[in-house]
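Me: I'd like to go through this one with you, a bit at a time. Could you keep the answers in plain sentences?

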Amino acid sequence: MKLNDAVFGLLLTALGAWVLFAVQGFPRIPGQPVGPALFPGLIACGLCVCGVLLVAKGWRERDGGPWVAFDDWVRSPRRVLALAVLLGAIVLYIAAAEVVGFLPLAVLTLLALFLVLGVPAARAVLIAVVAALVIHFAFYKLLRVPLPWGVLKTYAW
Amino acid sequence: MSAAILQAFAMVFEPATLMAIVGAAFFGLFVGAVPGLTATMAVALLVPVTFFMQPIPAIATMVTATAMAIFSGDVPGCLLRIPGTPASAAYTDEAFAMTRKGQAEMALGAGLVFSAVGGLFGTAVLILAAPALAEVALNFSSFEYFWLVLLGLTCAVFITSDRPLKGVVTLLLGLLVACVGLGNPAGFPRFTFGSTEMTGGIGMIPMMIGMFAISEVIRYVVDTSPPAVLVVEKVGNVLAGQWALARKYPRQILRGSVLGTAVGALPGAGADMAAWMSYAMSKKFSKEPQKFGTGHVEGIVESGAANNSALAGAWIPALVFGIPGDSITAIVIGVLYMKNMNPGPTLFTTDPQNIYAVFLLFILANIIMVPLGLLCIKAARHVLRVPRNILMPVIVLFCIVGTFAINNSVFDVGVMLVAGVIAYLLEANRFPIAPAILGVVLGGMLEENFITSMIKSDGKLGAFFSRPLAAALAVVTIVLWFAPVVMKMRSRRSLDTLPSPRA
């Protein structure tokens, strides 16, 4: 996804302005010339200046081109789906790991990604299960990371 | 001193460390040889594992894996015309042209042998320069550190990127991310939105895993380029004729190694930049520049040495000042902090055995690179056939678990995802990523030294120039800020007098 520089410039200026607004509420340290607001404040000023420069640059170079342009992959449903599965799988893990547990989610994530990337179904199922078990063994047993069991709690090993 | 060296030997030749080295070597060779997996990604993926190791084996894995990955990135470049890591991109076309001419052995061998030579050269400079610099750095006050960090950030923006404005933007974003949390001189929770996870700041390691691993997976998933075809089925003896090359191109090897080490030591620029610059330099000073691009080994010799020497060069500022020389050492610094081996000049005085161990690890890694690299070349046919549609999902799962493992928190997994998406978007729009990394890593240090200096000088900016060394660093930094403006004005003036030179 390619955005015109001016779009980035606007976003950055907005971010800078928001930071400048937010640091107004930071406390001052009595007896000191500088407080916690100074450093982020300076960064925010920099962001605003760069944002304005980018807007100017993007405006000069717009040449009738689109403000937002998509790459070739957007026209390939398979790749859009793959990207959605990739991002969705991580979001799902964040949301549901505690309840569902690591193993079911890991198998599901791998399987979905394998299938959408064109791995034959039988092989995908086999590798998904084996890889999930191997990673679980390495991190849960060897490195003692408390990966959640979730629905498999009663069968925990 | 000799006691410390003996201690370093004992630590490095301990079975646990040796096993870590061998394991990391194979891992690095594999990651480097698979297109789409970079040396930086190798380190990012190793972090969750090193988390559970002793400090020296942990450093051993990172040193070995990166050295191997930068070499083995040459292999797919030569055989498939796809660089395995960005550090091989500069001479991929050249190497592939040699393969077309039936000289794949010579190209691969030159990559291997002169990678090791360059790596050892960079290590020698690291061994000589780092302790000497640490001696100087012991006398640094907050003023010198402030300017030094600012100089490092300036280098990252102006020297290493052809788009200074976009470099400044990513740098500022990185610095802003570093502001989040309690970790500021006043101890005031900034930009935490009331979240308890964010009071500790945004985790550097989850962010790096996102920026270097998840963003690569995104790029793979949406990649529309057709699969590459392997042109060589069998690779013969790659070491034949390498001695003759070394005799023919001694100056090129030295020049590549020197330039590579220097570029590596500059904050923000790493092995890939070193290879590009050194390939260009090789062509410029060559007696036969017309042969470049047609399958001529000279540039491969020089830039192959350069990218590996850059690795060791990057450790010089990282160990002495805590300023990363490239994105790999940015991750390494994060790991050093986790291991209570805080980088800085005192590391050289309090625990010299650890520093000597790092030196030894570099020497060892560059020596075992030759036999293991030969194995890798022999196995290249199989490594290059590893299906990436199976590899990438497994990497995603590994990243999720690895990120979770650092604090046992899914919040960090979220940080990884956001960082990965942002890094992908920024790179797709040609914003350089290196300044952002430096900003995140150095933001805290910059602010701390800035605030300390302001308090010491009671708010007077003149004090920032009062110490001679600080003033010198300040002058260099400020000259760098204005150099691009002056050069632009100059080139504009020369354009006015010359009738369009690029016609």
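This is a predicted model: local features need pLDDT of at least 70, side-chain atom pairs count only at pLDDT 80 or more; totals for chains, interfaces and linings use all residues.

Me: Where is B:Asn340 found? And what is its phi?

Reply: B:Asn340 is found in the loop that links helix H16 (327–338) and helix H17 (346–350) of chain B. The phi of B:Asn340 is near 60°, which is a positive value in a residue other than glycine.

Me: What about B:Asn408, where is its place?

Reply: B:Asn408 sits in the loop between helix H20 (388–407) and helix H21 (410–428) of chain B, and its phi is near 50°, a positive value in a residue other than glycine. B:Asn408 counts as exposed because there are 11 C-beta neighbours inside 10 Å.

Me: And B:Ala463, what does it touch?

Reply: Leaving aside residues up to four places away in sequence, B:Ala463 touches B:Phe143, B:Ser453, B:Lys456 and B:Ser457. With B:Ser453 the separation is 10 residues in sequence and 8.1 Å in space, C-alpha to C-alpha. B:Ala463 lies in the loop between helix H22 (434–456) and helix H23 (468–497) of chain B, and it counts as partly exposed because it has 15 C-beta neighbours inside 10 Å.

Me: Switching to helices: in H1 of chain B, which residues are buried?

Reply: In helix H1 (residues 2–12) of chain B, the buried residues are B:Ala8, B:Met11 and B:Val12. They cover an arc of only 90° around the axis, so they lie on the same side of H1(B). The face turned away from that buried side carries the exposed residues B:Ser2, B:Ala3 and B:Leu6.

Me: What covers the buried residues of H1(B)?

Reply: The cover includes helix H2 (15–33), helix H4 (55–72) and helix H18 (352–378) of chain B.

Me: At what angle do H4(B) and H18(B) pack?

Reply: Their axes are 9 Å apart and the packing angle is about 40°, which makes H4(B) oblique to H18(B). The crossing of H4(B) and H18(B) is right-handed. By class, the contact of H4(B) with H18(B) has 16 nonpolar, five polar and no charged residues.

Me: Which residues meet there, on H4(B) and on H18(B)?

Reply: On the H4(B) side they include B:Ile59, B:Val63, B:Ala67 and B:Phe71, and among those they meet in H18(B) are B:Val358, B:Leu361, B:Phe362 and B:Met369.

Me: How do H3(B) and H11(B) cross?

Reply: The axes of helix H3 (residues 39–50) and helix H11 (residues 204–221) of chain B come within 9 Å and cross at roughly 130°; H3(B) and H11(B) are therefore oblique to each other. The crossing of H3(B) and H11(B) is left-handed. Their contact has nine nonpolar, one polar and one charged residues.

Me: Last topic, the two chains: how many residues of chain A are in contact with chain B?

Reply: There are 50 residues of chain A in contact with 44 residues of chain B. The elements giving two or more residues to the side of chain A that touches chain B include helix H1 (5–23), helix H2 (38–60) and helix H3 (77–100) of chain A. By class, that side of chain A has 41 nonpolar, six polar and three charged residues.

Technical notes
Residues are numbered from 1 along each chain as its sequence is written. Chains are lettered from A and ligands numbered from 1 in the order in which they are written. Axes are lines fitted to C-alpha atoms, for helices over the stretch in contact, and angles run from 0 to 180 degrees between N-to-C directions. Helices (H or I, at least four residues) and strands (E, at least two) are DSSP runs, numbered from the N terminus. Angles under 35 degrees count as roughly parallel, over 145 as roughly antiparallel, 65 to 115 as roughly perpendicular and the rest as oblique. A crossing is left-handed if the near helix is turned anticlockwise from the far one by less than a right angle, and right-handed if clockwise. Ala, Val, Leu, Ile, Met, Phe, Trp, Tyr, Cys and Pro count as nonpolar, Asp, Glu, Lys and Arg as charged, and the others, Gly among them, as polar. Two residues are in contact if their C-beta atoms, placed from the backbone, lie within 7 Å. A residue is buried if 20 or more other C-beta atoms lie within 10 Å of its own, exposed if 12 or fewer, and partly exposed in between; C-beta atoms are placed from the backbone. The arc is that of the directions from the helix axis to the C-beta atoms.
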